[in-house]
Amino acid sequence: METATLIQDNFSLEDFLTHPPDAMEWVDGQLVEKNGMTLKHSKIQLNLGSYWKDYQKSSGQGGQAYVEVPCRTNQQGRRPDVAYITPELLEQYGDFATLPQSFPLIAEIVSPTDLAEDIFLKAREYLDSGCLEVWLVFPESHLVFIQTQTELLCFRSGEVVATQQVLPGFSISVDELLA
């Protein structure tokens, strides 16, 4: 997750859904640029997306993993750092410009400039919009939180983090994810 800078305030949610600009989100009625991404952030984002992609293929579960792909929540137009869509939703929505709901599995990599309250509110926003599981990755403190509708779990260095509801059987050590 990154901080956002206001870019344009006359861009509608419909504009975002049909033509989502790169590295932008539609938040509180305004188009904002995501920023604050560090090299570490990018590396973790790519690694986690690759791990999810490799696992969905090797396990035969299908679906697709993405980075920075747009989706609509009940309130906003978002662009999660890493997202996974199930084969069923992929078949239902096909080749979408913006997924009209949250992805079932989402990860946000937290930047040093992010506020904790905002991060957890964003996770709740995803969960209220169709997401089943949100990973909040804190690179500097070596923590990974997993939030679902019913629980909030915390994993730290030396522990293994595992999916709870989506991509059954996927796990990775916190240290490997953040290496």
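Tutor: Rings of Phe, Tyr and Trp (its six-membered ring) pair if their centres lie within 6.5 Å; planes under 30 degrees apart count as stacked, over 60 as edge-to-face and the rest as tilted. With that in hand, look at Trp52, Tyr55, Trp135 and Phe170, which form one aromatic cluster. Please keep in mind that this is a predicted model, where local features need pLDDT of at least 70, side-chain atom pairs count only at pLDDT 80 or more, and totals for chains, interfaces and linings use all residues. Residues are numbered from 1 along each chain as its sequence is written, and side-chain values use heavy atoms, with hydrogens and water left out.

Student: How many aromatic pairs does a search of the whole structure find?

Tutor: The search finds nine. One of them joins Phe120 and Phe138.

Student: What makes the pair of Phe120 and Phe138 stacked?

Tutor: Their centres are 6.4 Å apart, and the angle between the planes is 25°. Helices (H or I, at least four residues) and strands (E, at least two) are DSSP runs, numbered from the N terminus.

Student: Why is the pair of Phe120 and Phe145 called edge-to-face?

Tutor: Here the centres are 5.5 Å apart and the planes stand at 80°, so the pair is edge-to-face. Phe145 belongs to strand E10 (residues 143-147), 25 residues from Phe120.

Student: Why is Phe138 called buried, and what is Phe120 called?

Tutor: Buried means under 20% relative accessible area, exposed over 50%, and partly exposed in between (1.4 Å probe, protein chains only). Phe138 has 15%, so Phe138 counts as buried. Phe120 has 25%, so Phe120 is partly exposed. Phe145, at 17%, is buried.

Student: How do you know that Cys71 is in no disulfide?

Tutor: A disulfide is a pair of cysteine sulfur atoms within 2.5 Å. A search of the whole structure finds zero disulfides. For Cys71, the nearest cysteine sulfur is that of Cys131, 8.4 Å away. Cys71 has 0% relative accessibility, so Cys71 counts as buried. Cys131 is buried too, with 1%.

Student: Which residues cover the two faces of strand E7?

Tutor: In strand E7 (residues 82-85), Val82 and Tyr84 lie on one side and Ala83 and Ile85 on the other, and all are buried.

Student: How do you know that E7 pairs with strand E4 (residues 64-67)?

Tutor: Two strands pair if DSSP finds at least two bridges between them. Four bridges join E4 to E7, and the two run antiparallel.
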